[in-house]
Amino acid sequence: MIVSFEHHMKLDRSGYPATSETRMPNLFSRIVSIADDYDSLISGRVYERKRLRLDDALARMLGGSGTIYDPSLMKAFSELFEEGNLGGIL
């Protein structure tokens, strides 16, 4: 349940939901945040933007490493991307 609550919460505590807690979002919430944002960037959303190329989406997300995304998880995600191990995602 916590993942559905926190996955739009960024590492720097921006995003939503707003909370007064100072702890980091749950590990699984941080993982889902990366997956959800990547999917959003490459799929586009009716209400927001057009699709980005896969490598452009990754580059944009890497720019948020440390503020929006957990740096170690973002590094692992980018390594999977570079090795071509994201399976059906690509």
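**View 1. Glu-79 is partly exposed, at 33% relative accessible area.** Buried means under 20% relative accessible area, exposed means over 50%, and partly exposed lies in between (1.4 Å probe, protein chains only). The model is predicted: local features need pLDDT of at least 70, side-chain atom pairs need pLDDT 80 or more, and totals for chains, interfaces and linings use all residues. Residues are numbered from 1 along each chain as its sequence is written, and side-chain values use heavy atoms, without hydrogens or water. Glu-79 pairs with Lys-75 in a salt bridge, with 3.0 Å between the closest N and O atoms. A salt bridge puts a side-chain nitrogen of Lys or Arg within 4 Å of a carboxyl oxygen of Asp or Glu. Both residues sit in helix 4 (residues 71-83), 4 residues apart, about one turn of the helix.

View 2. Arg-53 meets Asp-55 at 2.7 Å between the closest N and O atoms. Arg-53 also meets Asp-56, at 3.8 Å, N to O. Arg-53 counts as exposed because its relative accessibility is 53%. Asp-55 is partly exposed at 36%, and Asp-56 is partly exposed at 37%. The whole structure holds 4 salt bridges.

View 3. A cavity is a set of points on a 1 Å grid over the protein atoms alone, where a 1.4 Å probe fits but cannot get out; lining residues have an atom within 4 Å of a point. Points are joined across faces, edges and corners, and the volume is the space filled by probe spheres set on them. The count is 1 cavity of 30 Å³ or more. Its lining includes Glu-6, Met-9, Lys-10, Ile-34 and Asp-70. Helix 2 (residues 27-43) gives the largest share, 4 residues.

**View 4. Lys-10 lies in the loop between helix 1 (2-6) and helix 2.** Lys-10 is buried because its relative accessible area is 15%. Lys-10 and Ile-68 are 58 residues apart in sequence, yet their C-alpha atoms are 4.7 Å apart.

**View 5. The chain has 4 helices and 0 strands.** Helices (H or I, at least four residues) and strands (E, at least two) are DSSP runs, numbered from the N terminus. Along the sequence the pattern reads α-α-α-α. Of the 90 residues in the chain, 32% are buried. Ile-31 belongs to helix 2. Ile-31 counts as partly exposed, at 38% relative accessibility.

Methods: On a 1 Å grid over the protein atoms alone, a cavity is a set of points where a 1.4 Å probe fits but cannot get out, and a pocket is an open set with protein on both sides within 12 Å along at least five of seven lines; lining residues have an atom within 4 Å of a point.
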